[in-house]
Amino acid sequence: MKKTVTFIAALAVSLMGLTARAQDKQIANHLAVGITTGLDGIGLEVALPMSPYVQLRTGYSLFPFAFKGNINLGKIEAGGSTRDLTHTPIKASLWHGGAGKLLADIFPGRNTSFHFTVGAYMGPGKLFHASADLSGALDPADYATMAVTYGQGADKISISTDPKGFVNADIKVGVVRPYVGIGFGRAVNPDNRVRVTFDMGVLITGGFKVQSYSYLRNPKGDPSVLTSAALIDDEGHQIDNGWIDKICGFPIMPMMKLNVFFRLF
Amino acid sequence: MKKYIFWALAALLMVPVSCNKGNQDNPMDEPATKDLAQVITFKTAATVQARDIQSIEFTEASRYIVTYTVTKAEGDNNILFGSYTYSNGTFHLSGFGHVTINGTEVTITTDTTGGSPVTATATITPTTTSDTPHDNLCRNWKVGKIIIGLSGGSFGAAGIEKVFNNGINMDQICTWMDDNNITISEENRETLLKYTVKEVCVTGAGSIAISFSQANPFLGRYTLNNSNISFSFDSDDIPFITSGQFTGTVSFEGNTCLVIAQASMVHNEKTYNATFEMTLTEAI
């Protein structure tokens, strides 16, 4: 997060310096700041033209909202007693840790609104993050010292609470996610102070990982990735018929955003 | 040009930082008696205090292992394990006596009052280790943290893992197994409690000796090929462990060694896969 903010600040300051020298070439001779909202959450972007045909955008977005509630995880036998997890507090959020982005809008004409966009989103890649509070149901001595496992060998899943008694799970995508899409509107337009633009496209995620963590060996958590091979019943038959692998192997996800830009100069 | 440098620096800010943990198999400090490590194998058993000694092994880290040829009888022990010092050409074996080597002649003097020296002919084989994993492994270890995993058996496709931070404490382990429906009878519990591990000694001659809180030490053999280890013990006395065969891996970091070993055990006619992840700390 700090790194991304530093990057944006450094970029903005530097762009101002570049702007003065680039006035004649119409490169970085304007600067706009935008607020975005879409499937990547709410964000800030900085945009500048590189030519009449190309505009660059960079920024950061996150989902500031989280779902909080209780879920029913049933009752489990652990440590010699029955643990009641029927009202387990849970907190869930999207794009945990947010995402930085660097995008280039490519316009087919000098004055066209329609554009193609290429670039990348960067960040922890936690598309979905959930944390269940088991601290009330477990003995503190069992925090990060007791795990349940599933499967064998390389496919073995090991899940424990963290040192505070929380079980964490994610749906994770790549740290760097290339983006291709189309859009409408110019983020920077010399004739208008305020511009509304729209983006739609796909993030190339390289697939998804459904994972939880074991804290037995590492206080920061070792991820255990859920695969179809791990989901076997007591007779050794695969439970999901390979669907987890198929769904998680889907290499792209949609992205859609609405942006409002304010030209600073 | 400045512009390109700026973009390069800006791009670097966005690159996630990764760090290389480096080679975890760096050589450790040499153990105290590495140059004295050797195996004395008697051509004809040396009879000391009415027991026939087959061999005496002096390890790289100040431990001796006396192996008797007698058949193991109930309540008897076929090895003697302890620490030694060396001075003026004589090995001083704590709790046993003194050993002097003169060519192929080995003289043993026990600590027992009135015990007369015994001299026997033996083959003396100096122990050498040829690679870093062996150099690191061949010393004395104390078990620090251990993670025990159990799967199969009554767990079906699932399993459980538990961290024990105070070594192989059989009292805690028995309670944990009991809590997870692997019931331990009082008789078996009493037996198992004797096997709380005190020290593990690994030697360049391929021996691995484990001393326990109350039970007689175990002497086993191991092979190490890079990071792959296999070792075996006579485990007849230990409930549930059907085979003393373990296979796994070792890795080193600082003065610690991580051993991950698998074995199988049977309880109430159900076979469980057991995994032992032991963090060993060098014991002087």
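The questions and answers below concern a predicted model.

Q: What makes A:Ala144 count as buried?
A: A residue is buried if 20 or more other C-beta atoms lie within 10 Å of its own. A:Ala144 has 23 such neighbours inside 10 Å, and therefore it counts as buried.

Q: Where does A:Ala144 lie, and what is its phi?
A: A:Ala144 lies in the loop between strand S10 (126-133) and strand S11 (146-150) of chain A. Its phi is positive, about 60 degrees, although A:Ala144 is not a glycine.

Q: Why is B:Ser62 called buried?
A: The cut-off for a buried residue is 20 or more other C-beta atoms within 10 Å. B:Ser62 has 22 of them, so B:Ser62 is buried. This residue is placed in the loop between S2 and S3 of chain B. The phi of B:Ser62 is near 65 degrees, a positive value in a residue other than glycine.

Q: How do you know that S2 and S3 of chain B pair, and in which sense do they run?
A: Two strands pair if at least two bridges are found between them. Strand S2 (residues 51-58) and strand S3 (residues 63-68) of chain B are joined by 5 bridges, so they pair, and they run antiparallel. Within this pairing, B:Ile56 has B:Val66 of S3(B) as its bridge partner.

Q: What makes S15(B) a partner of both S14 and S16 of chain B?
A: The requirement is at least two bridges between the strands. Strand S14 (residues 228-232) and strand S15 (residues 245-253) of chain B have 5 bridges in the antiparallel sense, and B:Phe231 stands opposite B:Phe246 in S15(B). S15(B) is also joined to strand S16 (residues 256-267) of chain B by 7 bridges, again antiparallel.

Q: What do S15(B) and S16(B) form, and how many residues lie between them?
A: S15(B) and S16(B) form a hairpin with 2 residues between them. B:Gly254 in the turn has a positive phi of about 60 degrees. Across the strands, the bridge partner of B:Thr249 is B:Ile260 in S16(B).

Q: Why is B:Glu282 called partly exposed?
A: A residue is buried at 20 or more C-beta neighbours within 10 Å, exposed at 12 or fewer, and partly exposed in between. B:Glu282 has 17 neighbours, so it counts as partly exposed. This residue is found in strand S17 (residues 270-282) of chain B.

Q: Which residues are in contact with B:Glu282, leaving aside its neighbours within four places in sequence?
A: They are B:Arg139, B:Asn140, B:Trp141 and B:Asn255.

Q: At what angle do H3 and H4 of chain B pack, and which residues make the contact?
A: Helix H3 (residues 170-179) and helix H4 (residues 186-193) of chain B pack at an angle of about 145 degrees, with their axes 9 Å apart. The contact is made by B:Met170, B:Asp171 and B:Cys174 of H3(B) and B:Arg189, B:Leu192 and B:Leu193 of H4(B). By class, these comprise 4 nonpolar, no polar and 2 charged residues.

Key
Residues are numbered from 1 along each chain as its sequence is written. Chains are lettered from A and ligands numbered from 1 in the order in which they are written. This is a predicted model: local features need pLDDT of at least 70, side-chain atom pairs count only at pLDDT 80 or more; totals for chains, interfaces and linings use all residues. Helices (H or I, at least four residues) and strands (E, at least two) are DSSP runs, numbered from the N terminus. Axes are lines fitted to C-alpha atoms, for helices over the stretch in contact, and angles run from 0 to 180 degrees between N-to-C directions. Two residues are in contact if their C-beta atoms, placed from the backbone, lie within 7 Å. Ala, Val, Leu, Ile, Met, Phe, Trp, Tyr, Cys and Pro count as nonpolar, Asp, Glu, Lys and Arg as charged, and the others, Gly among them, as polar.
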